[in-house]
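Trainee: Could you take a close look at one part of this model for me, the aromatic rings that pair up with each other? I'd like to hear how they are arranged and where they sit.

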Amino acid sequence: MLSADDYLSGQVLLIDKPLHWTSFQVVNKLRWEIRRAFKIKKIKVGHAGTLDPLATGLLVICTGKMTKNIDSFQAQIKEYTGTFVLGSTTSSYDLETEIDQTYPTEHLTEELIRKATKQFIGEIAQHPPVFSALKKDGKRLYEFARAGESVDIPSRQVHISEFEITHINNLEVNFRVVCSKGTYIRSLANDFGKALNSGAHLSVLRRTKIGDFEVKNAVGIEEFIKNLPSE
């Protein structure tokens, strides 16, 4: 069992983030539980890469002196799995907002869907979702979006090294993506729908890898807390 000194000197914790939690909430919860368990007044805790509340999977949490390595962990290649729903879009590109438009899907075939992935391999220009935590003029983009204000979001270059369709069930398309830091899978869903002339949004997202860290080696929040010393 790790000691207070272990956490203060620095640990890398692999947490499987549950649905509906923000990454910030996970960090706060773990910081509070570590302080409580070891009666520590202050300890640095941070995460290496945000996951949206509607996403699950790998959060790399750093404590103590290991927080200095957060930037290097964030820069690592990431792997995601999930599901796109074809034929409809939402303003957030996922299920945070309601469906705002529907599109014809009669022309879609499995061959067409699989072939469309090829145009997203390599260096691509991507517009971040307006419902995101990126800042413009000192405000988060989602603040503009929730206020109904339009905002110009410049595209940025990201790199996708693998984009694989793993299963197709009617309009639900399961995928696996390996990509660079800064890639928005919600934006990829939206762009994929445009490429198919059918619209699409993200319905499920799970981060499975960050560099050499894998979600199969991660623990849930409750399990982590259970393994801390009890009072």
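Mentor: Start with Phe 120: its relative accessible area is 7%, so it falls under the 20% cut-off and counts as buried. Bear in mind that this is a predicted model. Phe 163 comes out at 8%, so that residue is buried too. Now for how pairs get described: you give the distance of the ring centres and the angle of the planes.

A search of the whole structure turns up 9 aromatic pairs. Take Phe 84 and Phe 192 from the search: their centres are 5.6 Å apart with 40° between the planes, which makes the pair tilted. Phe 84 has 0% relative accessibility, so it is buried. Phe 192 is buried as well, again at 0%.

Back to Phe 120, which pairs with Phe 163 edge-to-face: 6.2 Å centre to centre and 65° between the planes. This pair also links distant parts of the chain, 43 residues apart. Phe 120 lies in the loop between helix H4 (110-116) and strand E7 (122-126), while Phe 163 belongs to strand E10 (residues 156-169).

To put the two pairs together, look at the cluster: ring pairs link Phe 84, Phe 120, Phe 163, Phe 175 and Phe 192.

How values were computed: Residues are numbered from 1 along each chain as its sequence is written. This is a predicted model: local features need pLDDT of at least 70, side-chain atom pairs count only at pLDDT 80 or more; totals for chains, interfaces and linings use all residues. Side-chain values use heavy atoms; hydrogens and water are left out. Rings of Phe, Tyr and Trp (its six-membered ring) pair if their centres lie within 6.5 Å; planes under 30 degrees apart count as stacked, over 60 as edge-to-face and the rest as tilted. Buried means under 20% relative accessible area, exposed over 50%, partly exposed in between (1.4 Å probe, protein chains only). Helices (H or I, at least four residues) and strands (E, at least two) are DSSP runs, numbered from the N terminus.
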